[in-house]
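The following exercises are to be worked with the sequence and the structure at hand. Each task is followed by a solution in steps.

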Amino acid sequence: MENGDKHRAPRNRTLTLTPLEHQRMADSLLRPPLPSKPASLVDQIVCADSLSLFATLPRAFVDLLILDPPYNLNKQFGAETFREMSLAEYESWFESWFPSVLPLLRPTASLYVCGDWKSSVAVHRVLDRHVIVRSRITWEREKGRGAKSNWKNASEDIWFATVSNNYFFDVEAVKLKRRVIAPYRVNGEPKDWQETENGDFRLTHPSNLWTDLTVPFWSMPENTDHPTQKPEKLLAKLLLASSRKGDFVFDPFLGSGTTVVVARKFGRRFLGVEMNEHFACLAAKRVELANDDPSVQGYAGGVFWERNSLNAQPKEISPVTDEHPMLLETGTPYRVTKSKTK
Ligand SMILES: C[S@@+](CC[C@H](N)C(=O)[O-])C[C@H]1O[C@@H](n2cnc3c(N)ncnc32)[C@H](O)[C@@H]1O
């Protein structure tokens with residue numbers, strides 16, 4: 001899946017690696033045995049089997065855990081194939097390693113676990129035994145193959161849980177800007193909405209039903225050849241809601257690196273583990289690119305925007321706002337821009 005393996009259309013922006021880049025990125029990856037101090041793991045990508053790594057990682061260093069393990073589907077991840085099992089077997093597989101991640105979490109940590117409608121049932125049963133489950137987010141995938149004798153599967157789940165009742169959640173950071181359907185006025189003035197030259201919008205509280213995401217596809221610069229890549233906008237919501245600047249985010253099923261890319265863009269520390277070297281190298285290249293382009297598609301002016309609202313979004317080169325200043329210590333050359341919508 002490296003550069004040159006495929007003939008691509010001119011407008012195809014899928015990120016690839018030249019053999020030289022692959023070598024440079026491969027040299028930058030950590031491999032076991034790992035250093036034992038959290039400071040040596042800051043902003044690192046590890047190429048390894050994470051299940052055998054948990055026991056060797058420092059205790060209580062993670063503020064936010066993102067788990068996007070293989071769903072219970074037959075799926076090829078590079079040379080490895082994940083084979084579908086019964087729901088009970090998937091639950092046992094999850095239970096076989098999940099408790100060994102828990103000692104890595106701080107008592108105030110939050111966690112998010114991704115799944116589809118089927119696997120998320122098993123995931124919930126395991127989470128419920130070990131942590132405090134707070135919500136299930138369901139998000140709409142725009143892509144999906146129609147089925148002849150079933151409903152087209154167009155949704156995925158993300159469980160939100162915390163280690164204790166003492167946890168961080170910044171609802172203001174993840175509000176959604178939506179077009180106003182019924183613009184209500186009081187004394188001629190807009191009630192709870194803003195009139196702009198690009199339309200009427202309301203800033204709404206984020207619910208656990210997300211319909212504003214687009215799964216990365218070939219003309220998006222964030223797209224890679226990874227078969228189950230998550231949108232940056234999705235990870236941006238998780239990180240902004242459940243971590244502070246400088247917090248430690250851990251993703252042991254890193255894939256193409258979306259979690260660590262977004263962590264870099266929003267000034268969080270990170271550690272990612274991916275067993276496939278090609279994907280780990282793609283992740284490392286994406287983090288490098290994030291230094292020069294910290295924008296996240298669908299996030300502008302300090303808020304998330306509903307789908308198909310690009311023309312209404314403020315034109316900024318970075319997602320930085322006064323409310324959520326970031327990246328200064330990570331050396332990104334972008335200035336802090338003031339949101340034009342406020
Ligand atoms: C669902 S994908 C994650 C996708 C990722 N969130 C992204 O946006 O690209 C799961 C990833 O976990 C990796 N993986 C599976 N088992 C693993 C293990 N035991 N250790 C490390 N990585 C693993 C697979 O190679 C695959 O890339």
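**Exercise 1.** Which residue in E7 is the bridge partner of Gly-115?

*Solution.* The model under study is predicted. Begin with the two strands: E5 spans residues 105–115 and E7 spans residues 155–162. They run antiparallel and are joined by six bridges. Next, locate Gly-115; its bridge partner in E7 is Asp-157.

**Exercise 2.** Determine the strand order of the sheet and identify its edge strands.

*Solution.* Strands of a sheet pair through backbone hydrogen bonds, either parallel or antiparallel. Tracing the pairing here gives an open sheet of eight strands, in the order E1-E15-E14-E2-E5-E7-E6-E13, with mixed pairing. The edge strands are E1 (44–47) and E13 (209–210), each of which pairs on one side only.

**Exercise 3.** Across which strands does helix H5 lie, and at what angle does H5 run to E15?

*Solution.* Helix H5 comprises residues 258–265. The strands that H5 lies across are E1, E2 (62–67), E14 (248–251) and E15 (269–274). Relative to E15, the helix runs at about 165 degrees.

**Exercise 4.** Characterise the packing of H5 against helix H6.

*Solution.* First, take the geometry: the axes of H5 and H6 (residues 277–292) are 9 Å apart, at an angle of about 20 degrees. Because of this angle, H5 is roughly parallel to H6. The handedness of the crossing is right-handed. Then list the contact: H5 contributes Val-260, Val-261, Arg-264 and Lys-265, which meet Ala-283, Arg-286, Val-287, Ala-290 and Asn-291 of H6. Sorted by class, the residues of this contact are five nonpolar, one polar and three charged.

**Exercise 5.** Characterise the packing of helix H1 against H6.

*Solution.* Helix H1 covers residues 19–28, and its axis lies 9 Å from that of H6, at an angle of about 90 degrees. The two helices are therefore roughly perpendicular to each other. On the H1 side, the contact involves Glu-21, His-22, Met-25, Ala-26 and Ser-28; on the H6 side, Glu-277, Cys-281, Ala-284 and Lys-285. Its composition is four nonpolar, two polar and three charged residues.

**Exercise 6.** How many residues surround the ligand, and which are the closest?

*Solution.* Counting the shell gives 20 residues around the ligand. The closest are Phe-77, Phe-253, Gly-255, Ser-256 and Thr-258.

Conventions
Residues are numbered from 1 along each chain as its sequence is written. This is a predicted model: local features need pLDDT of at least 70, side-chain atom pairs count only at pLDDT 80 or more; totals for chains, interfaces and linings use all residues. Two strands pair if DSSP finds at least two bridges between them. Helices (H or I, at least four residues) and strands (E, at least two) are DSSP runs, numbered from the N terminus. Two residues are in contact if their C-beta atoms, placed from the backbone, lie within 7 Å. Axes are lines fitted to C-alpha atoms, for helices over the stretch in contact, and angles run from 0 to 180 degrees between N-to-C directions. Angles under 35 degrees count as roughly parallel, over 145 as roughly antiparallel, 65 to 115 as roughly perpendicular and the rest as oblique. A crossing is left-handed if the near helix is turned anticlockwise from the far one by less than a right angle, and right-handed if clockwise. Ala, Val, Leu, Ile, Met, Phe, Trp, Tyr, Cys and Pro count as nonpolar, Asp, Glu, Lys and Arg as charged, and the others, Gly among them, as polar. A residue is near a molecule or strand if its C-beta atom, placed from the backbone, lies within 6 Å of it.
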